[in-house]
Every structure is written in C-alpha cells, then in structure tokens.
Amino acid sequence: MKRPVVRHTLGGWALLAALAVLAAGPVRGQNVAEAPDTEGAALLLADQAPAAAEHAKDWQLSLEGALGETAQRYGKGTVQHQRLSLDLQLDTQVSEGWRAVLSDQLDQRWQRQPEDSSATNTLKEAYLSWQPSPERALDVGRVNARYGVASGYNPTDYFRSGANRSIVAIDPASLKKNRQGSVMLRGQTLWSGGSLTAIASPHLADQPSDASFSLDLGATNRQDRWLLALSQRLSENLTPQWLLYGENTQSPQLGFNLTGLLGQATVAYVEWSGGRSASQLAQALQGADDTAFRSRLATGLTTTTQNKLSLTLEYDFNGAAPSADAWTALARQAPQAYTQYRAWAQGQLDLPTQQSVFLYASWQDALQNQLDLNAMLRHNLDDHSQLVWLEARYHWSHTDLALQWQHNRGTAGSEFGALQQEQVVQLLLRYFY
C-alpha cells in the first residue's frame, strides 16, 4: 500500500525567512570576525581575507587519472577499470558585492573492454552570491549545502539525499565535496558569536536522470525542502548549532550539532537529528505507514598528536533503520525487497542498519615529508561486516600520486559481505594546473 503524500506548507515560510534574513540590518557594535567557524561563516566574501590572499587565482583546474582492479565475489574473477576526471572550480568576484561560484567534474570511465565506456558530468555548484554588507549574504542557484560535525555519518546533512551522481572515492570528505548541490535560495546573517541561515529549495523535477550531461534535478530537487540553521557561541570553546528541516513528504526534523575541546589536542562532538517519519523500510518499499518519532545520532572524538597523526573514533545510530533481527530476516526471506532497500539506502547516503562504528586515521608527513597515510574502517555492529580502506598519498607542488586499497568482508547478506566487489586496488595521479 502506497503511503499518502503529506504536504506541509512551511516551505513558503522558509523562502520568506530567507528574504527576511537578507533584509535584516547588521547588528550594531558587533564584529563579524568573531562569528563562529561554521559552514555559514564561509559565505563571507574573499575581500575580508588577508591582503596577501587578494592575488591568489580564483580558479582551480585538475586532471586525475585512475587505474585499478576489482576482485569480485561469486567466482566472477577480476575486472580492470580506468577513469579520467576533469575537475573545475571557480570562485570569482564579478562586481562590487557580487560573486560567482562554479564547480563541475567530468568523469570518463572504461571497464572490461574499450567499448565499455561511460561519461558522467556532475555540476556540483553554480550560483550567484550577493553580499550587500559584511554581515549578510544571499545565494541563488545550485549550492552544495553541507551540515554536520561528525566524520563518518551526518544525520543533519539533510541535503545529501540523491546528491552523489558519480562516486570517485569512498572516504567521507570526498563524498561530501564531490556531489551535486541542490537548487536553492540561501540567505544568511552574522553577528558577534552567531549566525542564522535560511534555505528554500523548490521541487523542479520528478525523476533522477543518468544521462551523461544531465543536470539531474530529479535527484536533488525532487520535492520542496527548507532549512533554518542557528549557531550561537556559548563560550570560547562551545558553539552549538540548531537546525530545523522540512520537506513536503514528512514532518519537520530537528537537528543539533555540538563540538567541544577535551584538552588541547582532543575534540569531542555530537550530532543528532530527530522527528516523526516513516521507517526506512516503509519508505524504500512503499509499505504501510508506520510513522513515529525516530532519532539519528553520531558521536565521537578526534585527537591529534604532535607528529601530525589524527585519530577519530565514532559511534553511529540510525533509529529509522531495521533492527539487527529485521535486517537478517530481510536478507534471508525477501531477497528482492532486500536488494530494493539497499539501493534506496545507498541513494539516501543513510545507514542501512541501526548501529555502526567508524574509525579514521590520518598521518600527515608520515615517515617523510609530503607523504600522507590514511586509513578508514566501517564496522557494522548489527551484522559484523566491515569495510577497510587504506591510502598512501605523496604530494609534489602540482601533482598527487596515491595508492588505495579497499576490502569488503562479511557474511552473505551483510552490509559489506553482500557487495559484489570484494577487493579494490587503485592507483591515482592528479595534476593541478
């Protein structure tokens, strides 16, 4: 039974709120330089940066080539694959108070035979920004609005759904950066120690598109969405952020982000989102309406040593996902529904089960200067499957050379054990113009 679509009318209020943010005058006697270091503060124009940065180029172009081999399960042998990616980023001031931002990536892939090739263009960002004063800004266009303080899982990253059109790396930083933004109107105002952001993102298309050069608006703007984000510093090391997010198919969701220092080298963080919604199974399979209050949580800490080694340990919880028993039963008793649910959860970039642990280690200038070592582990606490990822990356002035290894292990039907790719080895070379 298909769930009825519940339409909420708060999206229009979010649009008015964004305009109100723009219209609000600056707060007298307060210095915008004291604003918190959040995603909202990044909206400030480059003319507030140090004078030495004024001569930096406002564009970046890079070319990356990848050569790899994938070992497959079920006796299907190995597959060689190649990729060539062209990435363009532009952030330039077009006139007094106006700035244009463009970010685009073209990926050309080859697999098995030369004729098995495909091209995917991802328009990550394309928007115009107006800043009438240092405290206010208004953006319109395709914007990659990223939220959340956690490293492995971001419950408050509400605009992540459908955003990853072409995945070139599985580390969380790459997944957040190399994705499509949503078409939106975003307004922001800053004051001493705080900021307020309002976003209105309209429905523009009904279905995603896999055409090579599609704008894919059906993936990012499939429904009306809105968001309000408020940050306010409470102390020198404590700046919480509250978020209120809504869309026309479910009740509003409340979000919360908080980081705090534990000593001079350790940062603890918590990220939470909650609200009434249907379970992920009901949404993916269009089942009976089981709407209830559900929470998502990511909490952990990151510590950094004097030799530039950074370690992150994080616990993730998704109250909308199936329990361990329900997950096991789904894989064993309903393989078609299991496959459909996994595809849906992957598109949402959400956890398919309730509990997991995330570990990440990054060592800059490891063993020698310009050599970085990175490692990632995702461990599913419900089915005990694991994803292991290792990377060694060497930097020159204009070139990066990286070797990556990924291994997925677990029993049949588990999150990582069910993946056809058991092991992936990849060599990458990126040149920055």
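Residues are numbered from 1 along each chain as its sequence is written. Because the model is predicted, local features need pLDDT of at least 70 and side-chain atom pairs count only at pLDDT 80 or more, while totals for chains, interfaces and linings use all residues, and side-chain values use heavy atoms, with hydrogens and water left out.

**The whole chain**

Start with a cartoon view of everything. The protein has 6 helices and 18 strands; these are DSSP runs numbered from the N terminus, with H or I over at least four residues for helices and E over at least two for strands. Of the 433 residues, 45% count as buried. Buried means under 20% relative accessible area, exposed means over 50%, and partly exposed is in between, with a 1.4 Å probe and protein chains only. Contact here means heavy atoms within 4.5 Å. Among contacts between residues at least 6 apart in sequence, 57% join residues at least 24 apart.

Select Ser 85, in strand 2. At 2% relative accessibility, Ser 85 counts as buried. Show its surroundings, leaving out neighbours within four places in sequence, and you will find Ser 62, Leu 63, Glu 64, Gln 105, Leu 106, Asp 107 and Val 168 in contact with Ser 85. Draw a C-alpha to C-alpha distance from Ser 85 to Ala 66: the two are 19 residues apart in sequence and 8.5 Å apart in space.

Next, pick Ser 103 in strand 3 (residues 98-111). Ser 103 is buried too, with 8% relative accessibility. Not counting residues up to four places away in sequence, Ser 103 touches Leu 88, Gln 89, Thr 122, Leu 123, Lys 124 and Glu 125.

**Two residues with positive phi**

Most residues other than glycine have a negative phi. Tyr 74 has a positive one, near 60°. Look for Tyr 74 in the loop between strand 1 (59-72) and strand 2 (78-95). At 55% relative accessibility, Tyr 74 counts as exposed.

Now jump to Asp 216, in the loop between strand 7 and helix 3. Its phi is also positive, about 55°, although Asp 216 is not a glycine. Is Asp 216 buried or exposed? Asp 216 is buried, at 6% relative accessibility.

Stay in this loop, between strand 7 (194-201) and helix 3 (217-220), and select Leu 215. Leu 215 counts as partly exposed, at 45% relative accessibility. Beyond four places in sequence, Leu 215 touches Leu 123, Arg 142 and Gln 180. The C-alpha atoms of Leu 215 and Leu 123 are 6.7 Å apart, across 92 residues of sequence.

**The nonpolar cores**

Which residues have the most contacts inside the largest nonpolar core? Select Tyr 147, Phe 159, Ile 199 and Leu 227; the core they belong to has 13 residues. A nonpolar core is a set of buried Ala, Val, Leu, Ile, Met, Phe, Trp, Tyr and Cys residues joined through side-chain atoms within 4.5 Å. Strand 8 (225-232) and strand 9 (241-247) each supply at least two residues of this core. Centre on Phe 159: leaving aside neighbours within four places in sequence, its contacts are Ala 145, Arg 179, Ser 182, Met 184, Ile 199, Ser 201, Arg 225, Leu 227 and Tyr 245. Another core, of 9 residues, lies apart from this one and includes Ala 321, Leu 330, Tyr 338 and Ala 345.

**Helices 5 and 6**

For the last stop, select helix 5 (residues 324-333) and helix 6 (residues 335-348), whose axes come within 6 Å and cross at roughly 120°. Axes are lines fitted to C-alpha atoms, for helices over the stretch in contact, with angles from 0 to 180 degrees between N-to-C directions. The two helices are therefore oblique to each other: angles under 35 degrees count as roughly parallel, over 145 as roughly antiparallel, 65 to 115 as roughly perpendicular and the rest as oblique. Show side chains for Trp 327, Leu 330, Ala 331 and Gln 333 in helix 5, which meet Pro 335, Ala 337, Tyr 338, Tyr 341 and Arg 342 in helix 6.
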